[in-house]
Amino acid sequence: LFPCDSVSLPWLKILLAPAKNLFDNGNAPKSQINPAEGGAILNHGNLTLTNDQFVNNHVTGYGGNGFPKKGDGGAILSGSEFDSGHPTLTIKNSLFDSNTATGGTTSRSGTNGAGAEGGAICLGATSGAVSITASTFTNNQAIAGNSTFAGGEGLGGSATGGAIQAGQSSIPVNVASTALSSTTNSACKIL
């Protein structure tokens with residue numbers, strides 16, 4: 001596990017090679033039943049990404065006059081609650097910029113807005129080992145959903161991990177030579 005309350009390395013300049021793949025403007029579908037997961041990639045296997053760019057990918061949980069759903073992993077969700085295995089994720093020399101995870105907003109009386117986890121990457125409960133090396137995370141956000149009911153009976157949801165969120169303390173996470181910064185919440189959160 002890595003310390004994530006104050007991981008910001010403005011002095012670290014990582015020179016990224018030309019992008020092998022550009023994942024741009026991905027948007028996970030909303031569902032009244034399940035959370036919105038992985039704006040560009042929903043990982044169920046063993047995934048290695050090298051020299052890739054993830055820019056402006058989004059997930060927004062279902063909202064409206066019902067029970068809102070979470071938004072998890074603006075660019076990538078690895079290890080959905082529906083996975084039976086433990087998918088692994090290896091990222092090298094990649095860029096994550098301006099990705100967002102947003103919880104659903106509700107107008108239902110007495111109902112709270114939904115949470116959001118991992119503006120760039122959310123490591124779900126079934127995630128296996130994760131390794132992130134020589135990569136840059138900037139301007140990623142996790143944004144909580146609100147309750148807009150006129151009577152004011154509901155509260156906003158919670159938002160954690162502006163760049164990276166790991167949902168279980170048992171997930172082995174290794175981050176090295178990587179710059180993390182976000183505009184909301186802490187850059188990363190390991191529970």
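Ala134 sits in the loop between β14 and β15 (136-143), where strands are DSSP runs of E with at least two residues and helices are runs of H or I with at least four, numbered from the N terminus. The model is predicted, with local features needing pLDDT of at least 70 and side-chain atom pairs counting only at pLDDT 80 or more, while totals for chains, interfaces and linings use all residues. Residues are numbered from 1 along each chain as its sequence is written, and side-chain values use heavy atoms, with hydrogens and water left out.

Most residues other than glycine have a negative phi. Ala134, although not a glycine, has a positive phi of about 50°. With a relative accessibility of 24%, Ala134 counts as partly exposed; buried means under 20% relative accessible area, exposed over 50%, and partly exposed in between (1.4 Å probe, protein chains only). Asn139 also has a positive phi, near 55°. Asn139 is placed in strand β15 and is partly exposed, at 39% relative accessible area.

The protein as a whole has 20 strands and 0 helices. It has 191 residues, of which 48% count as buried. Among contacts (heavy atoms within 4.5 Å) with a separation of 6 or more, 81% are between residues 24 or more positions apart.

The largest nonpolar core has 21 residues, and Ile76, Phe96, Ile121, Leu123 and Phe137 touch the most other members. A nonpolar core is a set of buried Ala, Val, Leu, Ile, Met, Phe, Trp, Tyr and Cys residues joined through side-chain atoms within 4.5 Å. At least two residues of this core come from each of β9 (88-92), β13 (121-123), β14 (130-133), β17 (164-166) and β18 (173-176). Another core, of 7 residues, lies apart from it and includes Ala28, Ala101, Ala116 and Ala159.

Phe96, in strand β10 (residues 95-97), is buried at 0% relative accessibility. Beyond four places in sequence, its contacts include Phe54, Ile76, Ile121 and Phe137. The C-alpha atom of Phe96 is 8.6 Å from that of Asp52, 44 residues apart along the chain. Ile121 in turn contacts Ile76, Phe96 and Phe137, and among its other partners are Leu89, Ile132 and Ile164.

Ala36 belongs to strand β2 (residues 36-37) and is buried, with 0% relative accessibility. Val59 is 23 residues from Ala36 in sequence and 5.7 Å away, C-alpha to C-alpha. Ala36 touches Val59, Thr60, Gly61, Lys70 and Gly71, among them residues that also touch Thr102. Thr102 lies in strand β11 (residues 100-102) and is buried, at 17% relative accessible area.

The largest pocket holds about 160 Å³ of space. Lys70, Asp72, Glu117, Gly124 and Ala125 are the closest to its centre among 15 lining residues. A pocket, on a 1 Å grid over the protein atoms alone, is an open set of points where a 1.4 Å probe fits, with protein on both sides within 12 Å along at least five of seven lines; lining residues have an atom within 4 Å of a point. The lining has 5 nonpolar, 5 polar and 5 charged residues, with Asp, Glu, Lys and Arg counted as charged, Ala, Val, Leu, Ile, Met, Phe, Trp, Tyr, Cys and Pro as nonpolar, and the others, Gly among them, as polar. Volume here is the space filled by probe spheres set on the grid points, which are joined across faces, edges and corners.
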